[in-house]
Amino acid sequence: CKEQDLVSPLSGATSDVTKAGENQAAGSISQHDDVPTLAFPSISTAGFQFDLEKASTIIVDNVEEFMDKLGNARLVLVDLSNRSEILSLVRAKAAQKNIDSKRFFTYVGDITRLYSEGGLRCNVIANAANWRLKPGGGGVNSAIFDAGGPDLEAMTKNQASSLLPGEAVVVPLPSTSPLYTREGVTHVIHVLGPNMNPERPNCLDGDYIKGCKILQDAYSSLFEKFLSIAN
Ligand code: AR6
């Protein structure tokens, strides 16, 4: 069930209905246009084949650690399907820890169309990038580079030519990028997570001691960089 099924962003109507599997921002969309918001995908859990149970624990632990520093800013974990396993795991673990669901929630939708399709304003979006910071390769990386257009590619090249696993880089978007004009996204943060897929570069061959450390570093760099933009 998509957000627009619950509430029309244009009507200003509100609803506090939230059930498992539904978007939790329902009812608060129109009141939060100015709140700094980071939308991020689950880093490494699709193309890079990282274990979902471990990844969900790392996401929730990192979010919990950042809650005190967040102020009124929000973090939103996004995935494409309302059957997303990572979203369910994270929702359950965040509820167990009583994490404030107004400042951290999950959302079902295309990260490149959060405002135009769901009315959810996110001024910053994160990308699960590849080490060369190049378009393509499928997944959220292809979607974000396609939506950002040539501006995103050019601005990315200005900031960095590569990333190490666990690192993140902030790319300011020019106001000519469709992501800026259509979605209100002012910055993209590229993040490189650990890779467990033997078909992709820098595979960790199942070494989850290294992998978990890198994924933790990736989220903490991402959240730190978001805070540096938000404040
Ligand atoms: N909107 C929201 N979430 C998405 C979207 C989207 N448009 N597309 C995918 N996801 P992945 P990784 C979710 O594979 O595992 C690329 O080729 C997806 O369901 O994009 O870090 C890069 O170039 C999953 O939950 O990233 C790298 O080489 C999450 O985004 C490599 O894949 C991450 O899936 C990175 O692999």
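Mentor: Let us begin with residue classes: Ala, Val, Leu, Ile, Met, Phe, Trp, Tyr, Cys and Pro count as nonpolar, Asp, Glu, Lys and Arg as charged, and the others, Gly among them, as polar. By that rule, the shell around the ligand divides into 11 nonpolar, 11 polar and three charged residues. The model is predicted: local features need pLDDT of at least 70, side-chain atom pairs count only at pLDDT 80 or more, and totals for chains, interfaces and linings use all residues. Residues are numbered from 1 along each chain as its sequence is written.

Trainee: Which of the 25 residues around the ligand come nearest?

Mentor: A residue is near a molecule if its C-beta atom, placed from the backbone, lies within 6 Å of it. Here A46, G47, A128, G137 and G139 come nearest to the ligand.

Trainee: Which helix gives the most to the shell around the ligand?

Mentor: Helices (H or I, at least four residues) and strands (E, at least two) are DSSP runs, numbered from the N terminus. Helix 5 gives the most, with four residues. Both strand 2 (74–79) and helix 5 (139–159) supply at least two residues of that shell.

Trainee: How many helices and strands does the chain have?

Mentor: There are seven helices and six strands. From the N terminus on, they run α-β-α-β-α-β-α-β-α-β-α-β-α.

Trainee: In what order do the strands form the sheet?

Mentor: Two strands pair if DSSP finds at least two bridges between them. The six strands form an open sheet with mixed pairing, in the order 3-2-1-4-6-5. Strand 3 (104–108) and strand 5 (168–172) are the edge strands, each pairing on one side only. Within the sheet, strand 4 (residues 124–128) and strand 6 (residues 187–191) pair in the parallel sense over five bridges; V124 has H187 of strand 6 as its bridge partner.

Trainee: Which residues have the most contacts inside the largest nonpolar core?

Mentor: A nonpolar core is a set of buried Ala, Val, Leu, Ile, Met, Phe, Trp, Tyr and Cys residues joined through C-beta atoms within 7 Å. A residue is buried if 20 or more other C-beta atoms, placed from the backbone, lie within 10 Å of its own. The largest core has 62 residues, and V191 and L222 have the most contacts inside it. Helix 7 gives the most to this core, with eight residues.

Trainee: Which residues is L222 in contact with, leaving aside its neighbours within four places in sequence?

Mentor: Two residues are in contact if their C-beta atoms, placed from the backbone, lie within 7 Å. L222 is in contact with F40, A126, A168, I189 and V191.

Technical notes
A residue is buried if 20 or more other C-beta atoms lie within 10 Å of its own, exposed if 12 or fewer, and partly exposed in between; C-beta atoms are placed from the backbone.
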